[in-house]
Amino acid sequence: MKAYQAEVQIDLRAGRPARLIWRGQPYPVQAVLDEWRSGGRWWLGEQSRTCYLVQAGALTAELHQEDGEGGRWWLARLVD
């Protein structure tokens, strides 16, 4: 996996990722492979988050959504 930690745009369906837009390219999410909670690196001031491992076209991506109203979405990693 390659780490990115880049903010991305995510479209939701029923509260889960349905489409990822990465570098201006849309990737429909075919499957959510895993979902978990992370407390974030609290010592760096990170918020808790919900994490997803998704299959989106040719990408297998780890996505994080920060807790709270309007929580930002991050592309944490991509599987090589």
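Is Ala58 buried or exposed? At 78% relative accessibility, Ala58 counts as exposed, where exposed means over 50% relative accessible area, buried under 20% and partly exposed in between (1.4 Å probe, protein chains only).

## Basis of the model

This is a predicted model, in which local features need pLDDT of at least 70 and side-chain atom pairs count only at pLDDT 80 or more, while totals for chains, interfaces and linings use all residues. Residues are numbered from 1 along each chain as its sequence is written, and side-chain values use heavy atoms, with hydrogens and water left out.

Ala58 belongs to the loop between S5 and S6; strands (E, at least two residues) are DSSP runs numbered from the N terminus. Its C-alpha atom is separated by 10.0 Å from that of Val29, and the two residues are 29 apart along the chain.

Val29 is found in strand S4 and, at 12% relative accessibility, counts as buried. Another buried residue is Trp73, at 7% relative accessibility, which lies in strand S7. The C-alpha atoms of Trp73 and Ser38 are separated by 14 Å, the residues being 35 apart along the chain.

## Salt bridges

The structure holds five salt bridges, each defined as a side-chain nitrogen of Lys or Arg within 4 Å of a carboxyl oxygen of Asp or Glu. One of them joins the side chains of Asp11 and Arg19 at 2.7 Å, N to O. Both partners are partly exposed: Asp11 has a relative accessible area of 25%, and Arg19 stands at 32%.

A further salt bridge is formed by the side chains of Arg16 and Glu35 (3.1 Å, N to O). Arg16 lies in strand S3 (residues 16-22) and Glu35 in strand S4, so this pair ties together parts that are 19 residues apart in sequence. Arg16 is partly exposed at 35% relative accessibility, and Glu35 is partly exposed with a relative accessible area of 40%. The side chains of Arg37 and Asp67 also meet in a salt bridge, at 2.7 Å, N to O. This pair links distant parts of the chain, with Arg37 in strand S4 and Asp67 in the loop between S6 and S7, 30 residues apart. Asp67 counts as partly exposed at 29% relative accessibility.

## The largest pocket

The largest pocket holds about 160 Å³ of space. On a 1 Å grid over the protein atoms alone, a pocket is an open set of points where a 1.4 Å probe fits, with protein on both sides within 12 Å along at least five of seven lines; lining residues have an atom within 4 Å of a point. Grid points are joined across faces, edges and corners, and the volume is the space filled by probe spheres set on the points.

The lining consists of Ala3, Gln5, Ser38, Gly40, Arg41, Glu46, Arg49, Glu62, His64, Ala76 and Arg77. Strand S1 (2-7), strand S6 (59-66) and strand S7 (73-78) each supply at least two residues of this lining. By class, the lining residues are two nonpolar, four polar and five charged; Ala, Val, Leu, Ile, Met, Phe, Trp, Tyr, Cys and Pro count as nonpolar, Asp, Glu, Lys and Arg as charged, and the others, Gly among them, as polar.

## A nonpolar surface patch

Trp42, Trp43 and Leu44 make a nonpolar surface patch of about 460 Å². Patches are made of residues with over 30% relative accessible area and no salt bridge, and nonpolar side chains (Val, Leu, Ile, Met, Phe, Trp, Tyr) are joined within 5 Å. Accessible areas come from the Shrake-Rupley method with a 1.4 Å probe. Leu44 lies in the loop between strand S4 (25-38) and strand S5 (49-56) and is exposed, with a relative accessible area of 55%.

## Residues with positive phi

Gln5, listed above in the pocket lining, has a phi near 50 degrees, a positive value in a residue other than glycine. Gln5 lies in strand S1 and is partly exposed at 45% relative accessibility.

Ala14 likewise has a positive phi, of about 55 degrees, although it is not a glycine. Ala14 is placed in the loop between strand S2 (9-13) and S3, and is exposed with a relative accessible area of 82%.

Note on methods: Patch = residues over 30% accessible without salt bridge, like charges linked within 9 Å, V, L, I, M, F, W, Y side chains within 5 Å. Helix = DSSP H or I, 4+ residues; strand = E, 2+ residues; numbered from the N terminus.
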